[in-house]
Every structure is written in structure tokens, then in C-alpha cells.
Amino acid sequence: MESQRHLFDIPDDVTYLNAAYLGPRLRSVDEAGRGALERTARPWEIAPPDFFSEAEVARERFATLVGGDADGVAIVPAVSYVAATAAKNLPVARGQEIVVLDEQFPSNVYEWRALAERTGARVVTAPRPPDHDWTSAVLERIGPNTAIVAVPNCHWTDGTVVDLVRVGEAVRGVGAALVVDATQSLGVRPLDVSAVQPDWLVAAGYKWMLGPFSLGYSWVAPHRRDGDPLERNWLTRAGAEDFTGLVRYTDGFAAGARRYDMGERANFHLMPMGIAALDRMLAWGAAEIEAYIGPLTDEIADAATALGWEVAPREHRARHMLGLRRPGGVPEKLPALLQEANVYVSVRGDSIRVSPHVYNDAADASRLLEVLERA
């Protein structure tokens with residue numbers, strides 16, 4: 001793969017290394033959005049089957065991305081929506097434990113705290129390991145009292161990874177459930193649900209998958225597809241395709257994980273954009289993207305280390321994202337220097353998160369490193 005910058009509307013003088021914050025839109029996604037807006041201005045052209053057809057296309061695309069089946073995919077607005085759905089359906093007893101990571105993204109923490117408070121369970125936080133080995137830190141906290149392990153594929157602050165296959169084996173070994181937030185890796189780091197075997201997996205679509213905000217996807221294990229949905233909307237009911245019979249109320253749901261779809265999932269503005277983004281991600285392939293981004297992050301990591309920054313060892317970090325920490329904190333003038341140079345990364349406390357994508361190249365890495373050296 002070569003740089004795909006020509007497919008994005010990124011000015012030549014901008015170095016955007018912040019995909020973990022917001023993914024810039026592809027030109028093809030913008031085009032799909034413009035077409036969707038024009039279409040919805042003529043509602044007489046939207047027929048009842050259109051409420052279902054595009055959602056099914058998105059479902060199939062996402063299933064391909066994670067190596068699962070389309071019946072297991074739910075259309076959702078956010079990670080918090082799926083955390084709430086999983087919390088509503090997973091059995092947790094007083095005294096049991098819910099395992100999360102230290103400084104995990106809050107949308108995959110708050111719901112588990114609330115569940116623990118309701119049930120008398122407790123949240124167990126795996127502390128940040130000095131050697132960056134999150135997998136061992138999580139495995140050490142899985143035991144007979146574990147009810148749920150809710151973790152990401154890689155930590156959102158610095159890209160340090162969790163081996164979900166090993167964690168999944170341990171979780172199943174104690175009869176617990178695994179809930180995975182793959183937002184910060186899906187699409188650019190290969191993931192196969194048949195190997196991980198999560199109970200619930202979710203990913204917001206607006207970061208690495210380059211889709212629109214407020215449109216995400218969840219894959220649900222077969223034995224979890226008959227649960228109680230978070231909301232009760234008409235689109236998820238059996239026979240909803242027959243608009244003449246909508247007031248013949250039914251307790252039956254559409255097949256598979258469709259019962260967990262959000263209300264108004266047939267969003268005629270966002271869905272075409274989401275499909276266009278998924279099509280492009282699948283055309284590239286996660287392994288190909290990872291192989292392209294990896295040398296850029298390696299180059300930045302090596303050069304930043306020589307400048308006195310601390311970086312997690314390669315065996316414990318993802319290839320698409322990395323965190324740079326500096327003893328004593330980030331130089332005071334660094335944010336201003338970054339802004340002056342039009343270099344965009346996330347500066348968070350004593351660290352910098354660098355997250356390139358397929359629109360970046362070696363010149364972008366050099367511009368960032370020049371600013372770090374000046375600082």
C-alpha cells in the first residue's frame with residue numbers, strides 16, 4: 001500500500017496524526033452523504049423496503065470485517081449503548097467481579113460501575129503494568145468470582161494491547177462473559193470473533209473505520225441473541241417490513257442480533273456514509289493497513305526514544321497507535337509548536353498519543369519529529 005491521502009480532503013500543509021480522536025472523512029463518504037441529503041429531500045422516493053435494505057448491507061459488511069455472521073450484527077449509536085445492553089442481559093450476583101483496565105475509556109466503565117452498585121458486585125481494575133503487559137494484568141484478575149471482563153483490544157491512551165484470544169479462553173474457563181470495545185483498533189488491526197469469542201463486541205465507526213459520528217456496530221455471540229433489548233422500537237420486530245400490519249403488535253423479534261438495533265437505525269443520512277466507509281476499509285483490508293502504518297509508528301517510536309521520550313516496547317503495543325511519555329511531563333511549549341506547524345496529535349497530561357492512518361507517510365512522521373526536537 002502507498003499513501004491514500006488523495007482519497008481524503010486533507011490540505012497539503014496539515015499533518016493529521018490523530019485518527020484515534022476523529023477519523024477524517026473519505027471523499028467517497030462525503031459523496032455518499034451528499035447523495036443521502038439530496039435523497040431525503042424527496043421523501044416520496046423512499047419506499048418501505050428502504051428502511052431495511054441499507055441496514056442489511058451495513059450488517060453484512062461489518063460481519064465480514066470481524067469474521068462473523070450478519071445475523072450477529074446490531075446497528076448501534078455508541079459504545080455506551082452496547083455496554084448498557086450487555087449489562088442488562090448478563091447475570092451478575094452479589095460478590096462477583098467485573099474486570100476492567102486502569103484508565104479505560106469511560107463509556108466502557110460507567111455502566112459496569114452502575115451494574116455493580118445495583119447487584120452488589122464489584123469492579124476490579126487491572127492496574128497499568130510497569131512492563132506494559134496488559135494481558136497478564138487482566139489474566140491475573142480472572143478467577144472463580146469473575147462475572148464479566150470488559151476490556152478493549154488496545155488501550156485508548158497509548159495503543160498498548162490486550163491479547164483477546166488468551167483473555168477469552170480464560171474468561172470462558174471460569175464461566176464468565178467477555179465484552180470487547182474494539183473502537184480503537186477495528187479496521188486497522190485484524191480481529192476475528194471466531195478466535196476471540198466475545199459475548200458482545202462493539203466499535204464506534206467514526207475513528208479508525210472513517211465513518212460518520214453516531215453510527216457504530218456490535219457483534220453478539222449466538223447464545224446472547226435472545227436477550228432483552230435496551231429499547232423497543234418497531235423496526236426490530238418480526239414482520240416489520242409489512243407496513244400495513246404495524247399495529248398488529250407482536251412480541252416476536254427479527255432474527256439474530258437485530259433485536260438490539262437502535263431506534264431509527266434506518267438513518268437515511270448516515271447509513272450510506274457508513275456503508276461507503278466500510279466498503280473502503282474492506283477493500284484495503286486490516287492486515288494491509290496495519291502493515292502500512294506499522295513502519296510509521298516504529299519510525300516515530302525509535303526517533304522519539306532517542307529524544308528522551310518513553311515508548312512501550314514493540315511486543316506490547318499496537319502498530320497503528322503509540323503513546324509517548326516524558327519524565328517530568330510534556331514540554332510546556334510543545335502544544336504551541338504543534339499548532340504552529342499544523343501537526344495534530346493528542347496531548348494528554350504527561351503523554352502524547354500518535355495515531356496515523358493510511359493518509360499519512362514518512363513526511364508526516366518527519367514533521368512531528370522535527371517539532372518534538374524543537375521542543
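The model is predicted, so local features require pLDDT of at least 70 and side-chain atom pairs count only at pLDDT 80 or more, while totals for chains, interfaces and linings use all residues. Residues are numbered from 1 along each chain as its sequence is written, and side-chain values use heavy atoms, with hydrogens and water left out.

Helix H2 spans residues 50–66 and helix H8 residues 270–284; helices (H or I, at least four residues) and strands (E, at least two) are DSSP runs numbered from the N terminus. The two helices pack at an angle of about 25 degrees, and their axes are 10 Å apart. Axes are lines fitted to C-alpha atoms, for helices over the stretch in contact, and angles run from 0 to 180 degrees between N-to-C directions. On the H2 side, the contact (heavy atoms within 4.5 Å) is made by Glu-54, Ala-55, Val-57, Ala-58, Arg-61, Phe-62, Thr-64 and Leu-65. H8 contributes Met-271, Pro-272, Ile-275, Leu-278, Asp-279 and Leu-282. These residues divide into 10 nonpolar, one polar and three charged, where Ala, Val, Leu, Ile, Met, Phe, Trp, Tyr, Cys and Pro count as nonpolar, Asp, Glu, Lys and Arg as charged, and the others, Gly among them, as polar.

Within helix H2, Phe-62 is buried, with a relative accessible area of 0%; buried means under 20% relative accessible area, exposed over 50% and partly exposed in between (1.4 Å probe, protein chains only). Apart from neighbours within four places in sequence, Phe-62 is in contact with Val-73, Leu-186, Leu-201, Met-209, Tyr-217, Ser-218, Trp-219 and Leu-278.

The structure holds 12 aromatic pairs, counted for rings of Phe, Tyr and Trp (its six-membered ring) whose centres lie within 6.5 Å; planes under 30 degrees apart are stacked, over 60 edge-to-face and the rest tilted. Phe-51 and Phe-243 form an edge-to-face pair, 5.4 Å centre to centre and with 65 degrees between the planes. This pair links helix H2, which holds Phe-51, to the loop between strand S8 (216–220) and H8, which holds Phe-243, 192 residues apart. Phe-51 is partly exposed at 22% relative accessible area, and Phe-243 is also partly exposed at 30%. The rings of Phe-52 and Trp-234 have centres 6.3 Å apart and planes at 85 degrees, so this pair is edge-to-face. Because Phe-52 lies in helix H2 and Trp-234 in the loop between S8 and H8, the pair ties together parts 182 residues apart in sequence. Phe-52 is buried at 9% relative accessibility, whereas Trp-234 is partly exposed at 36%. Ring pairs link Phe-51, Phe-52, Trp-234, Phe-243 and Phe-268 into a cluster.

Two further residues were examined. Thr-85, in helix H3 (residues 79–89), is buried at 3% relative accessible area. Beyond neighbours within four places in sequence, Thr-85 is in contact with Trp-200, Leu-230 and Tyr-260. Gly-256 lies in the loop between S8 and H8 and is partly exposed at 21% relative accessibility. Residues up to four places away in sequence excluded, Gly-256 touches Asp-71 and Arg-225.
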